[in-house]
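User: I would like to learn how to read the features of a protein model. Could you walk me through one?

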Amino acid sequence: MKHLRGLTILFTSLLTLGGLAWGWHARQATLADLRVPQTRTATLFLPGNSGGWLSMRDMVLSLDRPHLAHFSLTAHVSFNGHVRWQQHRPLATNLLVPVLFKDNTHSRREATQLVTVLQQLHRRYGITHVNFVGHSSGGTIAYDYLNQQRQAPVTINRLVCIGADFPDRRPLKNHYPQLHILNLAGNIGRTGNDSEVPVDTATPLRRLVAGHVSSYRFEELRGPVWDMQHSLLHENPTIDRKIIRFLYPPS
């Protein structure tokens, strides 16, 4: 029995490793032929409720390649809003910056702390234009930042929301004539949700930003659970490709 149990564990481990290897290869292959313009615009990645580095790691590392973008900085935000910067390599074009909040369950507070992140990104690294990519309540953090009075001296070019909803949010007060928004919602088959966020709770963003931004686009993504489950939306190579093409379009 011990011998059989050992073989079962070994077989299961090999299958798991094989699946992970295949998934990573598929992700790399999906982006292999893609090229985007190289710019000085940085893209900030905002994890959702209780999220951290693991939430956005695979997406950031997948996009980190010479012809797409460069993962050079991480911003670590403490409970009291102090920002510690971790530089991984010299800064380059199309900078990718995960923002990791220690207090990661209060989106409005995180939006306030995001001001300091952007101020320092501008002052220390000379960044004047940024994009936001927010998964789940990370999209809510980005929206709350846009709708608050206190902001940083940077221009927000593009916002991607992935599986985000916007409960009890008021319409935008500020105008962003340069801002383009892509709102992505997952739908497992015909269930109408991604297992956590119903599609119809993502769609109100159109009404909230109407007349205040340059463009807004909503896409409902349908597929099987292993592609469209809420926590797997940022592990999907098709979404990676869609996002990077939206963030850095041909000039």
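Predicted model: local features only at pLDDT ≥ 70, side-chain atom pairs only at ≥ 80, totals over all residues.

User: How many helices and strands does the protein have?

Analyst: Helices (H or I, at least four residues) and strands (E, at least two) are DSSP runs, numbered from the N terminus. Here there are eight helices and nine strands.

User: What share of the residues is buried, and what share of the contacts is between residues 24 or more positions apart?

Analyst: Buried means under 20% relative accessible area, exposed over 50%, and partly exposed in between, with a 1.4 Å probe and protein chains only. Of the 251 residues in the protein, 51% are buried. A contact means heavy atoms within 4.5 Å. Among contacts with a separation of 6 or more, 74% come from residues 24 or more positions apart.

User: How do I read helix packing?

Analyst: Two packed helices are described by the angle between their axes and the distance between the axes. Axes are lines fitted to C-alpha atoms, for helices over the stretch in contact, and angles run from 0 to 180 degrees between N-to-C directions. In this model, helix H3 (residues 107-125) packs against helix H4 (residues 137-146) at an angle of about 65°, and their axes are 8 Å apart. The crossing of H3 past H4 is right-handed, that is, the near helix is turned clockwise from the far one by less than a right angle.

User: Which residues of H3 and H4 make the contact?

Analyst: H3 contributes Ser 107, Arg 108, Glu 110, Ala 111, Leu 114, Val 115 and Leu 118, and H4 contributes Ser 137, Thr 140, Ile 141, Asp 144 and Tyr 145. By type, six are nonpolar, three polar and three charged. In this scheme Ala, Val, Leu, Ile, Met, Phe, Trp, Tyr, Cys and Pro count as nonpolar, Asp, Glu, Lys and Arg as charged, and the others, Gly among them, as polar.

User: How many residues of H4 are buried?

Analyst: Buried residues number 10 of the 10 in H4, so the helix is largely enclosed by the rest of the structure. Among them are Gly 138, Gly 139, Ala 142 and Leu 146.

User: What should I look for in a nonpolar core?

Analyst: In soluble globular proteins, nonpolar side chains tend to be buried together. A nonpolar core is a set of buried Ala, Val, Leu, Ile, Met, Phe, Trp, Tyr and Cys residues joined through side-chain atoms within 4.5 Å. The largest one here has 43 residues, of which Leu 44, Leu 114, Val 130, Phe 132 and Tyr 145 touch the most other members. H3 gives the most to this core, with seven residues. Another core, of 27 residues, lies apart from it and includes Val 36, Val 60, Phe 71 and Phe 246.

User: Where is Val 117, and is it buried or exposed?

Analyst: Val 117 is in helix H3 and counts as buried, at 0% relative accessibility. Leaving aside neighbours within four places in sequence, Val 117 is in contact with Leu 44, Ala 75, Val 77, Val 83, Trp 85 and Val 99.

User: What does the side chain of Asn 104 reach?

Analyst: A polar contact is a pair of N or O atoms within 3.5 Å; within protein, one must be able to donate a hydrogen and the other to accept it, and residues adjacent in sequence count only if both atoms are side-chain atoms. The Asn 104 side chain reaches the backbone oxygen of Gly 51 at 3.1 Å. Asn 104 is found in the loop between strand S5 (95-101) and H3, and counts as buried at 17% relative accessibility.

User: And is Pro 177 buried or exposed?

Analyst: Pro 177, in strand S8, counts as exposed at 64% relative accessibility.

Key:
Residues numbered from 1 in each chain as written. Heavy atoms only, no water.
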